Amino acid sequence: MSRIQPPVEALNRVSLNKRTHEFPLAPQASGRVQFAFWMQWAVATFIQCSLLIWLAVEKTGSDVASHYRMLAVVSSLLAIPLFAVFRAYSIRSGYLVGIARILAAWSTLVAMLAFIAFVTKTSESYSREVILQWVAAGFGLQALAFVPVHKIVRRMDKRHRFANASVIIGCGDIALTLATKLRHERKESMLGMVCLDDEDPHNGNAETPYYPTLGTVSQLRSILRDNRVNRVYIALPAKETDQIEGLYVDLLDASVDVVWVPDFANLKLLNHSIYNLGGMPAINLNESPLTSYPGSAFLKSIMDRTCALLGILLLSPLLLGVAIAVKLSSPGPVLFRQKRHGWNGNIIEVLKFRSMRMHDDQKVKQATKDDPRVTPVGRFLRRSSIDELPQLFNVLKGDMSLVGPRPHAIAHNDYYSDKIIAYMARHRIKPGITGLAQISGYRGETETIDKMQKRVELDLDYINHWSLWLDVKILIKTPLTLISKDIY
């Protein structure tokens with residue numbers, strides 16, 4: 001069966017990330033970004049805590065009072081989300097921009113501390129002289145420390161940032177120029193070139209010891225798999241539009257970042273959205289939001305795990321009661337475990353309360369209306385979505401998010417990936433307990449290809465417009481969708 005072609009406007013939205021101000025991060029760059037953040041935070045925390053303690057001792061001439069110790073702890077913890085939101089420690093920021101962001105984050109932190117002191121009626125416990133000196137000197141010392149630490153972090157990032165393997169599709173002059181810039185200017189681990197099936201591998205002298213020809217486009221899947229490639233550059237002339245479009249659509253399911261570096265030498269660009277890669281225009285076609293916005297992704301992770309932990313604690317009586325009901329309803333385990341695809345196609349084990357009788361389901365058939373496999377208790381759990389609550393443990397573990405595309409069974413992914421364009425692109429962000437498709441009425445069984453197509457479009461739309469605020473809105477709207485009559 002041929003793949004369903006989504007509407008033009010849907011395909012236009014499939015470009016998962018639309019940034020124009022800086023070159024994108026490598027797929028594993030978020031780990032180094034987080035290391036840089038924690039390193040800067042540790043230095044800043046040491047400075048502000050040491051300064052506060054020293055000022056308090058100088059003022060009182062004795063041991064540090066408990067309320068000053070509490071202030072040091074609270075300010076250190078509040079600094080984590082605030083400095084992340086303001087991207088104060090961004091690796092890519094210049095020194096002046098970084099200091100300006102530190103000032104904004106520090107000012108917001110001080111304002112929040114003042115509000116907390118006002119509400120708790122503890123402001124009188126602190127010396128105004130100590131607090132004013134701490135606020136002013138704290139920013140000054142943090143700004144001074146930021147410069148050398150930022151320089152060290154950027155040097156470390158430059159050394160390790162591009163350790164991920166990449167390949168270039170194309171063997172012409174533009175591909176050779178790109179390969180040279182990647183290797184010598186970007187210090188990127190460039191494995192070699194992949195030629196078009198009808199392209200001369202020696203055109204432009206692309207075949208060199210540094211830039212070997214790995215094969216042709218027809219062998220691209222095996223090349224990506226065997227070499228564990230993380231990023232693909234498409235270096236083809238603009239006239240190869242059909243070839244470029246076909247490659248891009250095919251690579252959507254490959255869990256790699258895709259960057260097109262076309263030959264625009266003879267074109268006059270107006271109001272374009274491109275990246276500057278050593279003077280060459282590069283169009284970012286496909287990148288996960290979790291790698292392109294590491295600060296926001298870090299906050300999403302904190303929000304997910306904090307809410308999941310609170311949910312488990314608050315709902316523990318309900319979870320225990322449901323577990324007992326499931327156990328008494330029919331023989332079998334309380335929890336149903338199923339292998340599904342997670343972020344970037346990684347296999348995860350999703351937990352649910354068992355809602356069906358034990359059976360041999362070789363084809364992983366979706367539940368249908370009046371399905372005889374569903375127990376009476378399970379029918380209520382499915383209608384109310386209580387059966388999904390154990391996935392809070394998946395969120396706490398980090399395999400899932402509160403909000404994101406719903407993870408499907410591996411068998412369903414294998415079935416639909418050949419029938420719906422960009423189906424596997426929905427895995428470019430962590431799967432969620434709820435999502436945009438679910439609050440839009442696309443919950444439960446997808447008995448037709450068209451219904452699954454619409455769900456995929458909504459999932460891609462969520463990825464394109466992802467933000468923490470969108471997650472919050474979806475979480476607020478989710479309870480209102482639980483009264484749907486179409487869930488069984």
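**Charges, rings and sulfurs**

Mentor: Start with lysine 419: its charged end sits over the ring of tyrosine 415, 3.9 Å from the ring centre. The rule asks for NZ of Lys or CZ of Arg within 6 Å of the ring centre and within 35 degrees of the ring normal. Arginine 426 likewise lies over the face of tyrosine 423, at 5.7 Å from the ring centre. This is a predicted model: local features need pLDDT of at least 70, side-chain atom pairs count only at pLDDT 80 or more, and totals for chains, interfaces and linings use all residues. Residues are numbered from 1 along each chain as its sequence is written, and side-chain values use heavy atoms, without hydrogens and water.

Trainee: How many disulfides does a search of the whole structure find?

Mentor: A disulfide is a covalent bond between the sulfur atoms of two cysteines. Here the cut-off is a pair of cysteine sulfur atoms within 2.5 Å. The search finds 1 disulfide. Cysteine 171 and cysteine 195 form it, with sulfur atoms 1.8 Å apart. The torsion about their S-S bond is about -90 degrees, so the disulfide is left-handed.

Trainee: Are cysteine 171 and cysteine 195 buried or exposed?

Mentor: Buried means under 20% relative accessible area, exposed over 50%, partly exposed in between (1.4 Å probe, protein chains only). Cysteine 171 and cysteine 195 are both buried. Cysteine 307, at 35% relative accessibility, counts as partly exposed.
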